[in-house]
Amino acid sequence: MKRAVNESVQQALEFGKVRQILARYAVTSMGKRKARELTPGGSAAALRQSQQETSEMARAFQEGYSLPLGSIEDVSEHAERAAAGGGPLEPAVLWKVAQCLHTAERVSKSLRRVGRDYPALAALAHTLPLAPELIGRIAVSYTHLTLPTN
């Protein structure tokens, strides 16, 4: 059960500033938007899990780890419109979807590789969408474009 944190407590903790700082570190426009919309609260277990993930990522970064993000564009608006029956995606947008899925696949593999030292990060790897068949089908459809290999 998610519990909302009182607005006056958020102000005292300067949570708005925390959101803005976090948004500056986000790579995508969607990440920046989600950081600015973040609200404190949640179950004790969810908060502990978030703290563990954050601690592990901070430690991993200090030890030289970096996420293999590459090029990421926010395609959520296009995907939502298509899912709502707004018609098929344009080829260029479809290609961006494939690139995002390919990035998710690379990040998932990377997080699983460091899983021995960072179990919470390894668990995050299993939450990322993997769609190698879809990536392949898009790539075959657009033979003049290729995804980078790992």
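In helix H2 (residues 15-25), Phe 15, Arg 19 and Ala 23 are buried, where buried means under 20% relative accessible area, exposed over 50% and partly exposed in between, with a 1.4 Å probe and protein chains only. These residues lie on the same side of H2, because they cover an arc of only 85 degrees around the axis, the arc being that of the directions from the helix axis to the C-beta atoms. An α-helix has 3.6 residues a turn, so residues three or four places apart point the same way. The face of H2 turned away from the buried side carries the exposed residues Lys 17, Arg 24 and Tyr 25, whereas the buried residues pack against helix H1 (7-12) and H3, a contact being heavy atoms within 4.5 Å.

The model is a predicted one, in which local features need pLDDT of at least 70 and side-chain atom pairs count only at pLDDT 80 or more, while totals for chains, interfaces and linings use all residues. Residues are numbered from 1 along each chain as its sequence is written, and side-chain values use heavy atoms, with hydrogens and water left out.

The secondary structure comprises eight helices and zero strands, taken as DSSP runs numbered from the N terminus (helices H or I, at least four residues; strands E, at least two). Of the 150 residues of the protein, 28% count as buried.

Residues up to four places away in sequence apart, Met 57 touches Tyr 65, Leu 67, Leu 111 and Leu 121.

The largest pocket has a volume of about 2000 Å³. On a 1 Å grid over the protein atoms alone, a pocket is an open set of points where a 1.4 Å probe fits, with protein on both sides within 12 Å along at least five of seven lines, and lining residues have an atom within 4 Å of a point; points are joined across faces, edges and corners, and the volume is the space filled by probe spheres set on them. Of the 44 lining residues, Leu 22, Ala 26, Gly 31, Leu 67 and Leu 124 are the closest to the centre of this pocket. H4 supplies the largest share of the lining, nine residues.
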